[in-house]
Each structure stands twice: as C-alpha cells, then as structure tokens.
Amino acid sequence: MTLYHYLILSAILFVIGMYGLLTRRNAVGVLMSIELMFNAANINFVAFSKFITPNEFIGQIFSIFVITIAAAEAAVGLAIVLLIYRNYKGIEVDNINFMKW
Amino acid sequence: MFDLAFYILAVLILGSALMVVTLRNIFHCALFLVLCMFSIAGIYILLEAEFIAAVQVLIYVGAVTILMIFAVMLTHQLTGKTIRQVNDQPIAALFIISSLLVLTLLALSKTTWEVASSSGVSPSATELGRALMTVYVLPFEVVSVVLLVALVGAIVISRGD
Amino acid sequence: MDFPILTYMTFIPLLGMIVVMFTRKESVQLIRWESAFFSFIPLVLSIVMLAKYNGSVPDFQFIEQHEWIPSIGISYFMGADGISVPMLFLTALLSFVSIVASFNIQERVKEYFAFFLLLETGMMGVFCALDFFLFYVFWEVMLVPMYFLIGVWGGPRKEYAAIKFFLYTLFGSVFMLVGILVLYFAVEPHTLNMLTLIEYNSTYTHAFQIVLFPLFFIAFAIKVPMWPFHTWLPDAHVEAPTAVSVILAGILLKMGLYGLLRIGYPMFPEAAVYYAIPIGVIAVIGIVYGALVSMAQKDLKKLVAYSSVSHMGFCVLGLAALSVTGFAGCVFQMFSHGCLTGAMFLLVGILYDRAHTREIAAFGGLGVKLPLYTGIFTLFAMGSLGLPGLSGFVSEFMIFIGAFGSSFVPTWMVVLAVLGVVLTAGYILRMVQRIFLGPFNTKWEGLTEINGREIFTLVPLGILTILVGVYPKPLVDIISATLENLIRVMGM
Amino acid sequence: MLPYSWLIPALPLLSFVLIVFFLIRSNKASSYTSIAAILGSLALSVAVLAEVLGNPQPQEFAINWIFMESFKLPMVMYIDPLTAVMVVMVSLVASLIQIYSLGYMHGDPRFARYYAYMSLFAFSMLGLVVAGSFFTMFIFWELVGLTSYLLIGFWFEKKIASDAGKKAFITTKIGDFGFLIGLLVMFFAAGTLNMAEIFDKVHHHEIALGTITAAGLLMFCGAIGKSAQFPLHVWLPDAMEGPTPVSALIHAATMVAAGVYLTARLMPLVITSHTMAMVVAIIGAFTALMAASIGLVQNDIKRVLAYSTISQLGYMILALGMGGYTAGTFHLMTHACFKALLFLGAGSVIHAVHTNDIQEMGGLGRKMKTTAATFFIASFSIAGIFPLSGFWSKDEIFAVAWEGGHYILLVVAVLAAFMTAFYMFRLCFMVFTGKPRDQEKYDHARESPKNMTIPLVILAFLSITVGWVGIPWLKHGYGSFVFFEHPHHVAPNYILMVISTIVALSGIYLAYLMYYKGSISPVKMAERFKRIYRVLFNKYYFDELYMATIIEPTYRLTEKLYKFDLGVIDWLVNFFGDFTVFLSWIQERFDTYVVDGAVNGLGYTIRAFGGGLRRIQTGQLQNYAFVIFLGLVVFILLRFL
C-alpha cells in the first residue's frame with residue numbers, strides 16, 4: 001500500500017465529513033461530521049509519519065494533539081448544543097441565526 | 001493480506017462515514033460513527049501506530065461518541081425522524097465537495113512525495129511518551145491546559161444555572 | 001449733551017422687552033402692567049422732549065454721536081429735528097395706547113408684549129437715527145416683530161398677510177440698501193452720516209440723482225404705501241390684531257414719508273424736481289382711487305385701510321409740491337392721520353371685540369344702543385373726512401395751498417385731490433350711516449357700551465385731534481423752522 | 001365792545017361743551033343752558049349792532065393761527081353793518097326757535113343732545129357770520145354743514161332721515177369742492193384770504209379779471225350748495241325729515257341763507273366781473289322760478305315750505321347778481337322772520353295732527369287760532385302784501401331789476417312771486433279752512449302750548465314790522481346802513497308796487513277760488529295739464545337724474561375699481577409672489593434632485609448595496625461554511641491551475 005492510498009482515503013473521508021457539515025441540520029450531526037474531518041486529518045498525519053518521516057514519528061505526536069483538541073471541541077460543542085436546546089427547544093442549525101446583524 | 005485489510009477497512013470507513021452524514025436518525029448516525037472510528041483505528045494499526053490506534057478507540061469510541069450519544073438522547077428523545085435532517089444546500093454542498101475532491105486528487109497526482117526508503121521504526125508507547133515529555137513538553141502542557149479549560153468551559157456552559 | 005434722551009426713549013422699550021421675557025408666562029397681569037410701564041416712560045420722555053425742543057432753530061437737537069465702527073465710517077448718531085420730534089411723540093403715544101388697548105389679548109401674552117416693545121424700539125430708532133447704517137438696522141428690526149405680530153395674533157388669513165407685508169417691505173428695503181451702498185461709495189471720504197451726505201447734495205450729478213432717487217423712492221413708496229404699491233395694506237390691516245393695525249397705520253405708514261423727507265428729498269433735490277409730476281400723479285391717483293375703492297368696501301376695517309391709502313395720497317401730494325407749505329401739510333397730515341386712523345382702528349377693534357364681525361351691512365342703527373361709542377366714532381370719522389376744527393382739515397388745506405401754489409404740480413391735480421375730499425365725505429358718511437344710523441338691528445341687542453379702558457385709549461387721540469385742528473400753532477412752531485431749512489437745503 | 005364780538009359764537013360753544021360733557025343726562029339743565037347761552041349771544045349781538053349803528057366803519061380783528069415764514073393763515077373776525085344785522089337776526093331766530101323747541105321736542109329721548117346740537121349750530125352759524133376771512137368762513141361753513149347733517153338725521157332710526165342727512169352733507173360738500181378751489185385760486189391771486197384785503201385788491205384792480213371771475217364763481221359754488229340753488233337744490237326738500245324747529249332754524253332762516261351771505265360778501269367780485277354777475281343772477285332767477293313751480297303741487301306741508309325757501313333764496317341770489325346788495329340782504333332778513341314763522345306754524349300743526357300731508361288736514365283754523373293767525377300773517381308777508389315786511393323787501397328786488405334794466409329777470413321774478421302767493425295760500429286754505437278731511441286727526445288736534453305759540457307771536461310781529469326799516473321813504477333806513485360802496489336809496493317806484501300787489505293778490509285769489517270756494521277744481525286742472533303736473537310733482541326728476549347719472553355710476557365705478565384693485569394690482573403682486581415661489585420651487589427641485597441628489601444618491605447607493613449584501617449574512621452557519629469552502633476551492637484552483 002502506498003501513501004497515495006491513504007491520502008485518497010483521507011481525502012474522501014474529509015469531503016464526506018464536509019458534506020455532513022454543510023448539509024446536516026442537526027447540531028449534533030454537524031459535530032459528528034467535524035469529527036469525521038478530524039479523523040481524516042489524523043489519517044493523513046499518521047500516514048505521513050509512516051511513509052515520509054518514519055524515524056521521527058512527529059505525525060503521531062500531532063495526531064495525539066489533534067485527538068485532544070477534538071475531544072475538547074466535542075465537549076464544548078456539545079455543551080453549547082445542550083444550552084441552545086434548553087433555551088430554544090431545538091438544535092436545528094438553520095434556526096439558530098439570532099446572532100445575525 | 002495488508003492490501004485486503006486496507007480495502008476492507010477503507011470500505012468500512014467510507015461506508016459508515018456516508019451513513020453518518022446521510023442517515024435521518026441521529027442515533028443511528030452515532031452508532032455508525034462508532035463503527036467508522038473503529039475502522040480508522042484499524043487503519044492506524046495498518047500504519048504501525050498502535051498507540052494512536054489505542055487512543056483512537058479510547059477517546060473517540062469510548063469518550064467522544066458516548067458523549068454524543070448522550071447529547072442526542074438529551075436533546076432529541078429519539079423523535080428526530082419527523083424533522084427534516086438535511087438543509088436546503090445539499091446540491092451546493094455536493095458541488096463543493098466534489099470539486100474539492102477532484103482538486104485534491106489532482107493536487108495529489110501532481111505532487112511527488114519524498115517517500116523514505118527505510119521502513120523505519122515503529123515507535124513504542126515508551127518512546128512516544130519520552131518524546132512528549134522532552135522535545136514536545138511545551139505543546140503537550142499547552143494542550144492539556146486547553147483541554148482543561150475546554151472541560152471547565154463545557155461544564156460552565158451546560159450547567160443548568 | 002447732558003442727558004441722552006433719544007437713546008433712553010429708544011432703548012427703554014427694549015429693556016422692557018427683556019424684563020417681560022424674564023417674567024413668568026402665567027403672570028399675565030404683571031406682564032401687561034410691565035409693558036404699559038415701559039412704554040409709558042418713553043411717552044413721558046417724549047413730552048419732555050417736546051417741551052425742551054427749540055422750534056426757532058432748524059438744527060438737530062438732542063444730538064448723540066459716538067464712534068461705532070470707525071473703520072467704515074459708521075457711528076452711533078442720533079438726533080431729532082422738527083420732522084422727527086412730532087413723529088417720536090406720536091410713536092410714544094400710539095405705542096402706549098396700543099399696549100393699553102392690547103390688554104385684552106389672551107393668548108401668548110408674554111410673547112405678544114415682548115414683540116410689541118421690540119417694535120417700539122425699532123420705530124423710535126428709525127425716527128432718531130441719523131446714520132444710514134443705524135437707520136437701516138432699525139428699519140429692519142421693526143419688520144420682524146411686525147411680522148410675528150400679524151402672523152401669530154392675526155385673523156384667518158394671517159400667514160398670507162404677514163408674509164405679504166414682510167416680503168413687500170423687504171423688497172423695498174433691498175432697493176434702499178443698494179442706494180445706501182452706492183451713496184457710500186460715491187462720496188469721498190466714504191461716510192454713512194446722513195447729514196454729511198445731505199451737505200454734499202450739490203455735488204451729486206443730475207444723472208446720479210435721477211438714478212439713485214427711485215431706489216429710495218420705491219422703498220419708501222411701499223411703506224407709505226403709495227398707489228400702486230398699496231395692496232399689502234388692506235390685507236395686513238384686516239388680519240392684524242387691533243393694536244397692531246393702530247401701529248401699522250399710525251406709525252409705519254409715516255415712515256415712508258419720513259424717509260422721503262429725511263433722505264429722498266434733501267439728498268436728491270434735482271431728482272425731486274425731475275420726478276415731481278410722476279409723484280404728483282401717483283399721489284392723485286392714490287387719493288381718488290383710495291377713496292373710490294373705500295366706498296366699495298364691505299368690511300369696515302378694509303374700508304379704513306383703503307382710506308389710509310387715500311389719506312397718504314394727500315401727504316405725497318404735499319411732498320410733490322416741493323414747498324414749505326406742502327411739506328408742512330404733509331407733516332401735519334402724518335401727525336393727524338396717526339391720531340385719526342389710530343383711533344379709527346381702535347374703534348373698529350372695539351366693535352369687533354363685541355360683535356365678532358366687521359361687515360358693515362351686518363350693523364345698523366347702533367346709535368340707539370351705543371350712543372357714546374357712536375359719538376366718539378363720529379368725531380374721528382369727521383376728522384378723517386376733513387371737518388374743520390379737527391386736525392385732518394388743517395393738513396389737507398395746507399397741502400392744497402402748498403400744491404396749488406407750487407410750480408411743480410399742475411392745477412388739475414389739486415382739483416382732483418379736492419374732489420377726493422368730496423369722495424371721502426361720501427364713503428365716511430355712508431359708513432357712519434350704515435353702521436350707526438337707520439333702524440336698529442335687534443340682532444345687536446346684547447352689545448355693551450364702550451368701557452373705561454377703551455375710552456382711556458381714545459381720549460389722548462381725540463384731544464390731539466381737536467387741539468391740532470383748533471389751534472395748530474404749537475405743532476407749526478415745531479416744524480416750521482426745520483422745513484424752511486429743508487427747502488433751503490434743497491436749493492429751492 | 002367790538003373786539004369781544006368773538007364771545008357771540010363762543011357762548012353757544014361753551015354751552016355745547018357743557019352739555020356734551022356734563023349735562024347730557026339732564027334734559028332741563030341742558031335746554032336751559034343752551035337757551036341762556038343763545039340769549040346771551042343775542043344780548044351781545046344787539047350791543048354790537050348798537051355800536052355799529054353808531055360807527056358803521058368795518059373793523060377787523062385777527063389772531064395768528066398758522067404762522068410760518070412763508071405761509072401765514074390767520075383767524076379773522078370782521079364786523080361791519082351786515083355782520084351786525086346778521087348776528088342779531090341769527091341769534092334772535094335761534095333764541096326763539098330754541099324756546100319753541102322746549103315744547104316741540106318735549107319728551108324726546110335725545111332731548112339734551114338736541115340742545116347740544118342746537119348750541120353747536122348757533123356757534124357755527126354765528127362764527128360764520130362774524131368771520132372775516134374766507135378761510136375762517138369756510139371753517140364755520142363746514143361746521144354748519146356738520147350740524148345740519150346731525151340735525152337732519154336727528155331721528156336717525158328713520159332710514160329716510162339718515163339718508164337725507166347724508167344727502168345734504170354730500171351735496172353741499174360738492175358745492176364746497178368749488179368753494180375750496182375758489183379759496184385756493186383767490187389765495188394765490190391775492191396772497192391772502194382776508195375779506196378786507198381782497199376787496200381792497202379787487203378795488204384797485206390788482207387782480208386779473210379772469211382770476212376774479214374764476215375765483216368768484218368757484219366760491220359761489222359753495223353758495224349754490226349751501227343755499228340749495230339749482231343744480232344742487234335737491235338736498236333741501238329731503239332735509240325736512242329733521243325736526244321741524246330744525247327746518248325752521250337751519251333750513252329756512254339761517255344756514256341756507258349762509259350761501260346768500262357768502263354771495264353778499266363776494267359782492268366786490270360780482271360788481272367787478274360782469275360774467276359772474278350774470279351767472280349768479282341767472283342761477284338765482286332760474287332757481288326761484290323752478291322751485292316755486294314745484295311748490296305749486298306738493299302735498300307735504302314742509303316740502304312746500306322747503307321749495308318756497310329755495311325759491312326765496314333764488315330771489316336773494318338774483319338780487320345780489322343784479323348788484324342789489326341791500327335788496328338781497330334785506331330780503332334775507334325779512335325772509336328769515338316769516339319763513340321761520342311759517343315753519344314753526346307748520347310744526348305746530350304737525351305737532352297737533354301728527355302728519356305732514358295737507359290732504360289729511362283741513363279746518364284746523366277753528367281749533368288752532370293763534371297758529372292759524374300767525375301762519376296767515378306770514379303767508380301774506382311772503383306773498384308781498386302791503387305793508388308787511390315781505391312787501392318791502394320783494395319790492396326792493398323788483399326795483400333793482402327795474403333800475404338795472406334786467407327786464408327778463410324782472411318778469412321771471414314777478415312770475416315766481418305770483419306762484420309764491422298761490423302756493424302759500426293753497427297751503428293756508430287747505431290746512432286751516434274748509435271741512436276736515438280726516439275727522440279723527442281733526443278731533444285730536446288742539447292748540448300747541450304757550451312756549452310754542454309765544455315765539456309764533458313774536459315772529460309774527462317781526463314778520464310785519466321788520467320790513468319797515470327798509471321802507472323807501474325812510475331817510476336813514478336799512479339801505480343807508482347796509483350797503484355796498486355807497487348808500488342805496490331806491491326811489492319809491494309806485495308802478496312796481498302796484499304791479500307786485502296785483503300779482504300777489506291775483507295769486508291769492510286763484511288759490512281762494514280753487515281751494516276755498518272750490519269754483520275751480522284742482523283735480524280738473526291737474527287732469528288738464530297732466531304732463532306738466534306730473535313733471536312738477538316729481539320735481540323735474542332731478543333726484544332720478546342725479547341717481548342715474550352720478551350716484552349709480554360712482555358706485556359702479558367703485559365696485560369696478562375694487563375689482564381692479566383685487567384683480568389687477570393685487571393680482572400682479574400675488575403673481576410676482578407666486579412667480580418667485582415657482583422659481584424657488586424649480587430651484588428646490590434642482591436642489592433636491594441634483595445637488596442633494598448627488599449626496600443622497602451616494603448614501604442611497606451604499607445603503608442599497610449594503611441592503612443587498614446584508615442578505616448574504618443569513619445567520620446560517622452552514623451558508624458561511626459553504627462560502628468558506630467555496631473560497632477554499634477557488635484558492636486551490638488559483639494556486640494550482
């Protein structure tokens with residue numbers, strides 16, 4: 001398996017996540033899609049680590065950071081979703097436009 | 001053998017990812033997300049990054065996804081079926097993602113990667129831990145603070161007064 | 001000059017205005033008495049001035065002169081001579097009378113009296129000022145309160161009337177301003193001192209005078225108002241409140257004539273001769289036309305207003321005569337008309353306050369119900385008709401003598417002017433008959449007789465009318481030396 | 001005494017002021033004040049007359065009134081025999097009439113005011129008589145006009161009365177129009193208006209003849225108006241709407257005689273200018289004849305007397321026009337007595353029957369003996385029956401015409417005298433003799449009270465005797481006292497005396513036949529001369545003529561001029577106003593759309609742009625994300641392609 005396979009896989013995964021991000025009405029669904037995109041990035045990191053800098057494993061270190069940030073992001077994001085739900089009885093992203101103007 | 005495993009995993013990843021973004025029931029989406037994460041962990045193993053694979057399973061499958069499922073349950077009471085799950089720009093989104101995919105693939109095809117000749121070492125968790133505590137100690141500490149802040153923030157935000 | 005009497009007379013009303021403005025709006029009674037007080041002081045001062053004025057010399061007296069804007073030759077220069085002294089007295093008297101007559105104003109009392117006092121300052125200033133700049137300032141200052149007094153406290157078409165009055169007068173003033181500026185730059189050294197400018201009159205070329213005189217003449221003719229610039233007058237009079245009509249007819253109309261006597265004629269004697277015939281024609285048309293149009297009026301106030309046009313025509317005829325007698329007749333007529341028409345407007349106002357209509361045809365036989373009012377009205381009506389023994393006759397006769405003997409006015413003009421007297425008798429008698437005589441219109445059963453305050457406003461005017469009519473010598477003594485001198489200055 | 005002659009008019013003036021300011025509420029006090037004042041004037045007048053009789057030299061007294069370097073106008077008093085006679089005559093008649101009014105005006109709600117007016121009139125009239133310059137005279141001339149106006153319209157509730165007052169004022173004012181211009185002409189011809197000085201200048205031919213004629217005729221216009229001469233006679237009959245004593249005093253005896261008095265004062269001019277003399281005489285003669293002819297057919301007792309007055313005034317003017325200064329003024333004096341008497345008698349009758357129409361009277365002589373007797377005396381006097389005063393004065397006029405060779409005028413005068421005799425006795429017979437035509441009115445009639453009849457008796461006495469001062473046989477009679485230039489002694493002309501007596505008697509006899517015996521039916525006469533009758537009855541249609549040719553057109557002219565004023569002059573003013581408004585409107589548009597438009601346009605553009613752009617900001621998170629990714633796509637495209 002070459003690097004290209006992984007990169008193509010991650011690219012496809014990324015755009016699938018992007019599709020979710022762009023189309024999902026449910027805020028939780030949007031968060032999930034974001035997770036998919038994080039993972040796509042992680043696959044890239046790990047693949048580059050394996051094929052390009054096999055001795056420094058910097059990619060793996062980075063992916064740990066990314067996973068951490070993703071966890072934090074998920075936590076804050078979901079907290080916000082809960083808050084919005086409590087206040088607006090709904091978490092449809094296209095209804096949450098009160099910050100407009 | 002590895003090739004076959006890769007393709008199976010790839011199909012699983014992409015298939016479950018598609019389910020995540022298209023299914024109407026958000027709870028099912030979460031379940032497919034779990035599947036997707038597992039498969040990605042498998043990819044990491046293929047890439048000889050066992051530690052990352054473990055972290056992937058622990059954090060994503062164990063923590064994040066569960067968190068999401070809780071969130072789904074807290075917000076939706078599983079009645080999300082009645083609500084339209086897709087907004088009014090799927091076609092535009094499709095256009096964007098397809099063009100982005102095409103462009104990415106084009107870029108990939110034009111790029112020549114300096115692939116290392118040696119297969120390298122597969123670092124153990126020990127080496128990773130050492131690297132984090134020596135060379136990458138500063139980013140590591142910053143990220144932990146970020147995580148802490150994020151968690152405190154999440155609690156503050158979601159705290160019902 | 002030990003005591004600057006003219007300055008006091010001019011600016012005490014302004015002080016009164018300030019005091020009124022600092023009085024609480026609700027203390028209506030206080031405001032009224034304050035205004036009466038502050039217009040009474042100039043009246044007292046003007047009587048003092050009359051007593052102190054030395055009529056045997058033609059010079060200006062009570063002179064005050066201070067540097068003001070020396071760089072362009074403007075000074076604060078005031079003085080009074082035989083023409084302005086009677087006018088100042090008349091102004092002070094009519095202002096006081098009008099303010100007392102305005103006691104029945106009910107709305108916006110404070111603003112009303114404030115404007116009135118400002119108006120008095122303006123009028124006084126015009127008659128005192130001997131510096132063109134000062135003169136022009138006062139001339140314009142007068143307009144503003146007048147505009148508001150008509151426009152705020154007037155009748156149904158007050159806005160129209162006020163704007164018409166304002167624009168018309170302003171239109172004239174602009175001509176005067178141009179004239180003043182031309183004069184200023186024509187003499188060397190540049191000056192705005194009227195007396196100096198008059199002294200230079202022999203240096204002005206014929207063409208210069210011919211061109212410049214009409215500029216001033218139009219400004220003053222509008223103010224007089226001479227035919228055909230008279231149409232603002234009926235509108236303004238009909239719409240203005242009573243006291244404002246009194247001031248308008250009593251003082252403001254005289255300013256045009258005063259201006260001609262003070263500025264137009266002495267500065268441009270050659271032009272005065274050159275234009276004598278046209279001015280005479282205007283005067284005669286004014287007399288006859290005004291009288292005839294008066295006859296057609298159905299509104300009492302309008303009738304009196306048009307009669308002013310006719311009466312002012314006599315003044316203009318006196319001016320056109322360019323003789324001492326004509327000028328004296330003109331000044332007499334100014335004074336007499338001030339008293340008579342002032343009183344007429346007061347009387348019309350008194351009737352209007354009670355009956356709420358001024359339509360002549362609506363009345364009839366009021367003599368039965370209001371004998372005292374009828375008597376007073378008849379007295380003043382006879383005065384404007386030119387009955388001997390009242391002031392109108394003296395002035396008209398002097399004007400006729402002046403005009404008849406003048407080589408500048410053809411005889412036929414005088415004949416027409418005398419015909420105007422007959423027409424005047426016609427419309428006055430018709431008016432008196434239709435209002436007071438004939439069968440009593442029982443609709444007016446509820447009318448009340450003229451009250452004490454109203455009589456108080458009329459008495460001084462009546463006394464003056466009779467006094468000047470019976471014994472004109474005091475007034476003649478005041479004006480004659482000045483007018484003789486004026487004729488000399490004009491080189492006649 | 002003479003320098004104090006001004007007190008004669010001043011006393012009534014004082015009374016007027018007192019009544020107006022203090023006594024207006026008290027009827028008694030005001031009437032007594034007024035009567036006391038006029039009696040005082042009478043006493044002074046008599047004193048003046050006595051002094052002038054002793055020394056007939058004219059005297060002049062002047063005070064400065066208007067006094068300037070280049071123009072002087074004094075107030076002048078001039079006392080000569082004519083003045084002296086006139087003041088006595090005026091104050092005497094005025095006193096009698098004021099006393100008479102006590103009864104006649106009794107119970108009138110404006111009694112006090114009546115006496116105030118009467119005092120004012122006495123003041124003005126006496127002032128007019130003593131005036132020594134034409135200017136001074138003009139002042140009082142106008143004042144008597146005013147009092148005449150006030151008194152004619154005294155009962156102003158009657159529209160007809162107030163109309164009459166106005167008519168009188170304006171008609172005389174038209175005459176005064178001429179008078180005033182005459183004054184101006186005279187002032188500039190002679191440099192003064194003092195009578196004495198003017199006469200002096202005229203006498204010494206210092207004034208051109210044309211100027212004299214012009215000035216004289218113009219001033220005579222005043223007399224025409226005041227003395228109700230043709231063509232300005234129309235006001236006098238209407239003036240009878242005033243109270244009867246007023247008619248007697250003002251419109252018969254005194255004020256209307258002011259015109260005659262003025263003409264007498266103009267005598268030097270009349271003598272000098274032949275044209276003027278002719279005009280004056282012809283107007284007088286014509287008026288005398290015309291008014292007498294109208295008087296023939298009128299039925300209102302006061303109007304008959306009014307036309308009689310006009311006619312008699314015409315006589316006086318005629319006499320003056322022929323140069324008969326003495327004759328004219330003499331007739332003026334006698335006429336004042338008997339005409340006042342006639343009016344007061346008429347007033348007494350009206351007081352009794354409350355009507356003016358002689359067709360409702362009749363037989364009153366039986367009930368009102370004093371009135372009837374005095375009325376008959378006056379009628380005989382006016383008809384010119386020997387030896388009553390009218391005879392002497394009228395005779396003198398005839399004599400003047402005869403001597404001057406004015407035979408046509410003489411014939412006219414005689415004809416008028418015949419008519420006078422006829423209509424006067426027509427009146428007498430219809431009112432006092434025969435059967436009552438209105439029984440009810442007759443029954444209520446009774447003789448007037450003493451304060452009315454006593455003046456009648458006094459006046460009757462005067463009507464008989466006053467003329468005797470001018471009897472031709474008298475060496476030092478009226479003619480040697482009141483004269484012009486040299487004493488006027490008319491030799492007794494017996495032919496004329498006989499003619500005039502015959503004419504008068506025949507007039508009376510005709511009236512007797514027609515209205516007493518009834519042997520000639522007045523109705524048939526009227527039928528027979530129907531056209532003439534109608535013209536006479538309608539007073540030659542003068543009123544209608546003036547209405548149609550002067551008054552109506554004037555009113556129409558006034559309306560037209562007012563329309564012109566509003567429609568042309570004011571329209572022009574408003575047009576300029578509106579035009580300016582229009583210009584400024586255009587400017588405003590320009591300002592709004594061009595100048596302001598540029599500024600606002602920028603704002604509008606930005607705002608519209610922003611409004612459009614605002615739509616991009618949907619608030620939809622995913623839209624933003626879409627744009628972000630679109631940007632990414634574009635970026636990559638740019639980077640790699």
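D:Ser521 is exposed, because there are 11 other C-beta atoms within 10 Å; a residue counts as exposed with 12 or fewer such atoms, as buried with 20 or more, and as partly exposed in between, the C-beta atoms being placed from the backbone. The model is predicted: local features need pLDDT of at least 70 and side-chain atom pairs pLDDT 80 or more, while totals for chains, interfaces and linings use all residues. Residues are numbered from 1 along each chain as its sequence is written, and chains are lettered from A and ligands numbered from 1 in the order in which they are written.

D:Ser521 sits in the loop that links α21 (494-517) to α22 (522-528) of chain D. Helices (H or I, at least four residues) and strands (E, at least two) are DSSP runs, numbered from the N terminus. Between the C-alpha atoms of D:Ser521 and D:Asp300 there are 20 Å, and the two residues are 221 residues apart along the chain.

Chain D as a whole has 25 helices and 2 strands. Its radius of gyration is 38 Å, well over the 26 Å from the globule rule for 641 residues, so chain D is more spread out than a compact globule. The radius is taken over C-alpha atoms, and the rule is 2.2 Å times the number of residues to the power 0.38. Chain A has 3 helices and 0 strands, in the order α-α-α from the N terminus.

| Chain | Box |
|---|---|
| Chain D | roughly 160 × 65 × 55 Å |
| Chain A | roughly 50 × 25 × 25 Å |

Buried residues account for 55% of the 641 residues in chain D and for 63% of the 101 residues in chain A. Two residues are in contact if their C-beta atoms, placed from the backbone, lie within 7 Å. Among contacts between residues at least 6 apart in sequence, those joining residues at least 24 apart make up 80% in chain D and 49% in chain A.

The largest nonpolar core has 428 residues, of which C:Leu317, D:Ala340 and D:Ala413 touch the most other members. Such a core is a set of buried Ala, Val, Leu, Ile, Met, Phe, Trp, Tyr and Cys residues joined through C-beta atoms within 7 Å. Helix α18 (residues 407-432) of chain D gives the largest share of this core, 19 residues. A second, separate core of 83 residues includes A:Met18, A:Phe51, B:Ile43 and B:Ala93. Beyond neighbours within four places in sequence, the contacts of D:Ala340 include D:Val93, D:Ile97, D:Ala248 and D:Leu459.

In chain C, all 22 of the 22 residues of α13 are buried, so this helix is largely enclosed by the rest of the structure.

Of the 4 pairs of chains in contact, chains A and B share the most contacts. No contact joins chain A and chain C, and their closest C-alpha atoms lie 49 Å apart. Chains B and C also have no contact, with their closest C-alpha atoms 59 Å apart.
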